[in-house]
Amino acid sequence: VRDYFPAWLKRKEPELSESTNTFYKIKANDFLAFLGERADLEMNRIAQADVIGFRNKEMERLSATSVNHSVKFLRMVFKSARADGVLLDNPAEFVGTVANRHRTKRRAFTLPELKLVLDHAGPEWQSMIYFGLYTGQRLGDIAVLTWQNVDLAQKEIRLQTTKTERQQILPIAEPLLRHIMTLPSSDDPKSPLHPRAHEIVTREGRVGSLSREFYEIMTSAGLAKKKTHKKEENGFGRRGRHAVNEISFHALRHTATSLMKNAGISPAIVQEFIGHDSEAINRVYTHIETSSMRRAADALPDLIRKAD
């Protein structure tokens, strides 16, 4: 097992993004550490009970979503091992995912809350919050943006989302454009817009650390409950699973959606702008007219001028 996992990772490396590769390496190391001496056994000695044990161990420290990502990762590796003829059965194939029993209803930020968060955030976090509001994209995708994603001539941001692999071409709202012009530029198009966040996500392959930082910002702003240092009875706390607040960085997607809809923007255009997939909009590349997308961007309020 200890030999197969690194070999599989090396084989998959050209097919995956840098952040996904990093995430897979972390999951592989976590599983090997869990197995301990059993990692020196032949692949066919690993049983379903090992995978279930790892899953249940992960539940002690991770959210249901993160645990399920771990299960899916193991399914992929053992499926490849079966295809390679290394084993007859995939021990992870029928291991079920876990239910989220602590689901919290998410909501959008109110504008006063958003201004409060900006007041308590440092410069790089302020910048990422601006990008989150004016593009509606996820934290991980914003953290890894580089200057090659920004077309100042066309006033557009071009990116491929990590979660859905959608190609997004988003008009830059005027307030965000003004902010971008204040960021330190570089002759290297691969230079990140948010260097520290980019380094964290690239190194760790996930946004957990950034999510925790954002939670601390909301705690400072009085919008989230301060975490205790010990594991609580419900499994949460600094030593337990990550508590889910009703507002998080992801809530900026809901905020952008609400603001555009309240401004009279068509739901189909809002859905395309944010990047949600649905039966009505289920394609890889965007096809809604640029002018309609730009009207959606212009419908968002100018918080940057007021925040500055």
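# Reading a predicted model: rings, strands and charges

Student: Where do I begin, and how many aromatic pairs are there?

Tutor: A search of the whole structure finds 14 aromatic pairs. Take phenylalanine 5 and phenylalanine 78 as a case.

Student: Is phenylalanine 5 buried or exposed?

Tutor: Check the relative accessible area. Under 20% means buried. Phenylalanine 5 has 1%, so it is buried. Phenylalanine 78 has 0%, so it is buried too.

Student: What pair do phenylalanine 31 and phenylalanine 78 form?

Tutor: An edge-to-face pair, because planes over 60 degrees apart count as such. Here the planes of phenylalanine 31 and phenylalanine 78 are at 85°, and the centres are 6.2 Å apart. This pair also links distant parts of the chain. Phenylalanine 31 belongs to helix H2, residues 18-35, and phenylalanine 78 to helix H4. They are 47 residues apart. Phenylalanine 31 is buried, at 0% relative accessibility.

Student: Which residues form the aromatic cluster?

Tutor: Phe5, Trp8, Phe23, Tyr24, Phe31, Phe34, Phe54, Phe73 and Phe78. Find Phe78 in the model, then trace the cluster from there.

Student: Let me step back to the whole chain. How many helices and strands does the chain have?

Tutor: The chain has 14 helices and three strands. It has 308 residues, and 47% of them count as buried. The accessible surface comes to about 16400 Å². Carbon and sulfur atoms hold 50% of that surface.

Student: What do the contacts say about residues at least 24 apart?

Tutor: Start with contacts between residues at least 6 apart in sequence. Of these, 65% join residues at least 24 apart.

Student: Now the strands. What holds strands of a sheet together, in general?

Tutor: Strands of a sheet pair through backbone hydrogen bonds, and the pairing is either parallel or antiparallel. In this chain, three strands form an open sheet, in the order S1-S2-S3. The pairing is antiparallel.

Student: Which are the edge strands?

Tutor: Strand S1 (150-151) and strand S3 (167-171). Each pairs on one side only.

Student: How many bridges join strand S2 to S3?

Tutor: Five, and the two strands run antiparallel. Strand S2 covers residues 156-160. For one example, look at glutamine 160: its bridge partner in S3 is glutamine 167.

Student: Which helix lies across S2 and S3?

Tutor: Helix H13, residues 290-298. Helix H13 runs at about 65° to S3.

Student: Next, charges. How many salt bridges are there?

Tutor: The count comes to 18. To spot one, look for a side-chain nitrogen of Lys or Arg within 4 Å of a carboxyl oxygen of Asp or Glu. Aspartate 30 and lysine 27 form such a bridge, with their closest N and O atoms 3.4 Å apart.

Student: How far apart are aspartate 30 and lysine 27 along helix H2?

Tutor: Three residues, so about one helical turn separates them. Aspartate 30 is partly exposed at 21%. Lysine 27 is buried at 2%.

Student: What do aspartate 50 and arginine 38 form?

Tutor: A salt bridge, at 2.9 Å from N to O. Aspartate 50 lies in helix H3, residues 48-59, and arginine 38 in the loop between H2 and H3. So the bridge ties together parts that are 12 residues apart in sequence. Aspartate 50 counts as buried, at 11% relative accessibility. Arginine 38 is partly exposed, at 33%.

Student: Which helices hold arginine 196 and glutamate 213?

Tutor: Begin with the bridge: the closest N and O atoms of arginine 196 and glutamate 213 are 2.4 Å apart. Arginine 196 lies in helix H9 (residues 195-204), and glutamate 213 in helix H10 (residues 208-220). The pair therefore ties together parts 17 residues apart in sequence. Arginine 196 is partly exposed at 43%, and glutamate 213 is partly exposed at 22%.

Student: Which residues do salt bridges with shared partners join into one network?

Tutor: Lys27, Asp30, Glu58 and Arg61.

Terms used: Residues numbered from 1 in each chain as written. Predicted model: local features only at pLDDT ≥ 70, side-chain atom pairs only at ≥ 80, totals over all residues. Heavy atoms only, no water. Phe/Tyr/Trp six-rings, centres within 6.5 Å; stacked < 30°, edge-to-face > 60°. Buried < 20%, exposed > 50% of the residue type's maximum accessible area, 1.4 Å probe, protein only. Helix = DSSP H or I, 4+ residues; strand = E, 2+ residues; numbered from the N terminus. Contact = heavy atoms within 4.5 Å. Areas by Shrake-Rupley, 256 points an atom, 1.4 Å probe, with all protein chains shown as cover. Pairing = 2+ DSSP bridges. Axes fitted to C-alpha atoms, helices over the stretch in contact; angles between N-to-C directions.
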